[in-house]
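Colleague: Can you take me through this one? I'd like to start with the overall build and then get to single residues.

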Amino acid sequence: MIPAPFTYQRASSVDEAIDLAAEAGEDAKFLAGGHSLMPLMKLRLAVPDTLVDIGRIGELSYVSERDGHVAIGALATHDEIARSGVLAATVPLLADAAGRIGDPQVRHCGTIGGSLAHADPAADLPAVMLALDATLVARGPSGTREIAAGDFFLGLFETVLAPGELLTEIRIPRPASAGWSFQKFSKRGIDWAIVGVAVQGGNVGLVNMGSTPLRATATERELAAGSGPGDAAVHAAEGTSPSDDLNAPRAYREHLARVLVRRALQEAASRA
Amino acid sequence: MKVTVTVNDGEVAAEVADRTLLVHFLRDVAGLTATNVGCDTSSCGACTVLLDGRSVKSCTVLAAQADGRAVTTVEGLNDGSGELHPVQRAFRAEHGLQCGFCTPGMVMASVSLLAENAAPTEDEVRTALEGNLCRCTGYHNIVRAVLAAASEGQRQ
């Protein structure tokens with residue numbers, strides 16, 4: 001399988017990437033690690049006219065501590081995030097989740113910005129961003145804007161990013177509460193999570209429980225009202241709409257959400 | 001587009017279609033056919049090569065993305081001396097293969113692991129090879145081979 005024909009262009013700076021995408025129009029896509037986009041292109045589920053390769057833009061690859069938050073360049077790979085000393089010390093939830101994505105080959109290529117912009121509800125990092133109250137920074141022809149992670153995901157593979165707008169940075173506030181946990185259940189190590197759960201303090205993000213990553217709001221409400229992990233986790237599937245597919249029927253995903261949220265809350269409590 | 005890749009210490013330059021995948025560049029342009037196309041969906045790992053020293057699945061990387069960079073295939077592990085690489089020797093000694101189709105990818109994934117972690121535990125080896133599927137061996141001898149190569153490396 002090979003992708004349908006397209007024109008390949010390589011950008012060496014963010015400005016050049018935005019210019020190239022603007023020239024190419026609506027059927028251009030940014031290419032980072034390519035590990036979400038290339039499989040879709042092989043299946044003809046994505047057929048861009050132009051790929052703007054941003055993979056070598058050095059200015060987008062960093063993890064650095066700033067005032068009260070950690071800033072991560074959109075091109076930081078899952079492997080770099082998993083091995084980051086800064087993240088291990090400040091936001092271990094993200095380092096742990098990134099180190100469990102796919103397999104080593106995928107982590108060597110896949111990037112945090114690519115994963116978020118791709119917006120697959122079965123991907124791990126979008127739900128982690130919700131649990132961390134991250135802010136996403138995007139730059140386009142008309143300037144730079146900051147988007148709360150909770151406002152970023154619109155639907156299956158759909159975000160608020162406009163055509164030609166490039167996700168450049170992810171900002172994660174220093175977690176106010178230390179307890180964290182990432183849980184996922186899959187049939188084989190390399191598979192997408194059938195359900196996953198990211199917990200940071202009283203925030204609970206859900207992987208694959210709807211067409212976007214979700215917050216387990218009913219569980220969060222129970223926690224805020226003083227419930228323990230077991231009682232709060234009972235409500236984990238409320239307000240979700242997981243799909244029925246060959247991996248699992250909806251009721252099974254709802255059951256998994258309750259079990260994994262309980263485990264995640266218990267583990268987070270043990271680390272708080 | 002014109003793509004120039006350093007493949008196993010030699011430069012390979014060719015005009016290729018923009019959509020050319022690295023694995024096809026290696027097999028059809030460079031003529032290095034040890035790297036296999038297995039699943040073609042970045043699941044099986046048979047096409048694993050090193051890109052600037054780190055394992056990647058070459059069916060999911062464009063040749064254009066490797067332009068100007070260095071690729072090592074299993075052919076390049078042998079430094080021209082005719083001697084097998086320690087990881088290859090260990091796969092042979094531990095009988096870490098049967099049909100051999102997954103072996104080039106397994107070996108390259110193992111080389112990448114040992115470059116990152118010279119003394120992995122058995123669990124770490126199993127986790128590091130999650131992206132490489134073998135339908136013959138049941139993995140036990142592959143894991144033994146990687147551990148043997150690691151302890152051989154530690155002795156040196």
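This is a predicted model: local features need pLDDT of at least 70, side-chain atom pairs count only at pLDDT 80 or more; totals for chains, interfaces and linings use all residues.

Colleague: Fine. How many helices and strands are there in chain A?

Modeller: Chain A has 12 helices and 14 strands. Its radius of gyration is 18 Å, close to the 19 Å that the globule rule gives for 272 residues, so chain A is as compact as a globular protein of that length.

Colleague: What box do the C-alpha atoms of chain A fill?

Modeller: Roughly 55 × 45 × 35 Å, along the principal axes. Of the 272 residues in chain A, 54% are buried.

Colleague: And what share of the contacts in chain A join residues at least 24 apart?

Modeller: 62%, counting contacts between residues at least 6 apart in sequence.

Colleague: Which domains does the assignment give for chain A?

Modeller: Domain 1 covers 7–51, domain 2 covers 60–173 and domain 3 covers 180–271. The C-alpha centres of domain 1 and domain 3 of chain A are separated by 33 Å.

Colleague: Switching to the contact between the chains. How many residues does each chain put in?

Modeller: 22 residues come from chain A and 24 residues from chain B.

Colleague: Which elements of chain A supply at least two residues there?

Modeller: Strand E1 (7–10), helix H2 (37–42) and helix H6 (104–109) of chain A. H6(A) gives the most to that side, with 5 residues. By class, the side of chain A that touches chain B has 12 nonpolar, 8 polar and 2 charged residues.

Colleague: OK, chain B then. Where are the domain bounds?

Modeller: The assignment puts domain 1 of chain B at 2–77 and domain 2 at 86–155. Their C-alpha centres lie 21 Å apart. In the contact between these two domains, domain 1 takes part with 17 residues and domain 2 with 14 residues.

Colleague: Which elements give two or more residues on the domain 1 side?

Modeller: Strand E3 (48–51) and strand E4 (54–57) of chain B. E3(B) gives the most, with 3 residues. The domain 1 side that touches domain 2 of chain B has 8 nonpolar, 8 polar and 1 charged residues.

Colleague: What sits in the loop between E3 and E4 of chain B?

Modeller: B:Asp52 is found there. Its phi is near 50°, a positive value in a residue other than glycine. Most residues other than glycine have a negative phi.

Colleague: Is B:Asp52 buried or exposed?

Modeller: Exposed, because B:Asp52 has 12 C-beta neighbours inside 10 Å, and 12 or fewer counts as exposed.

Colleague: What about B:Asn8, where is that found?

Modeller: B:Asn8 is in the loop between strand E1 (2–7) and E2 of chain B. B:Asn8 has a positive phi of about 50° and is not a glycine.

Colleague: And why does B:Asn8 count as buried?

Modeller: Because 21 other C-beta atoms lie within 10 Å of B:Asn8, and the cut-off for buried is 20 or more.

Colleague: Last one, B:Glu15. Which strand is it in, and is it buried or exposed?

Modeller: B:Glu15 is in strand E2 (residues 10–15) of chain B. B:Glu15 is exposed, with 9 other C-beta atoms within 10 Å. B:Glu15 and B:Val29 are 14 residues apart in sequence, and their C-alpha atoms are 9.6 Å apart in space.

Terms used: Residues are numbered from 1 along each chain as its sequence is written. Chains are lettered from A and ligands numbered from 1 in the order in which they are written. Domain bounds come from an automatic or database domain assignment. Two residues are in contact if their C-beta atoms, placed from the backbone, lie within 7 Å. Helices (H or I, at least four residues) and strands (E, at least two) are DSSP runs, numbered from the N terminus. Ala, Val, Leu, Ile, Met, Phe, Trp, Tyr, Cys and Pro count as nonpolar, Asp, Glu, Lys and Arg as charged, and the others, Gly among them, as polar. The radius of gyration is taken over C-alpha atoms; the globule rule is 2.2 Å times the number of residues to the power 0.38.
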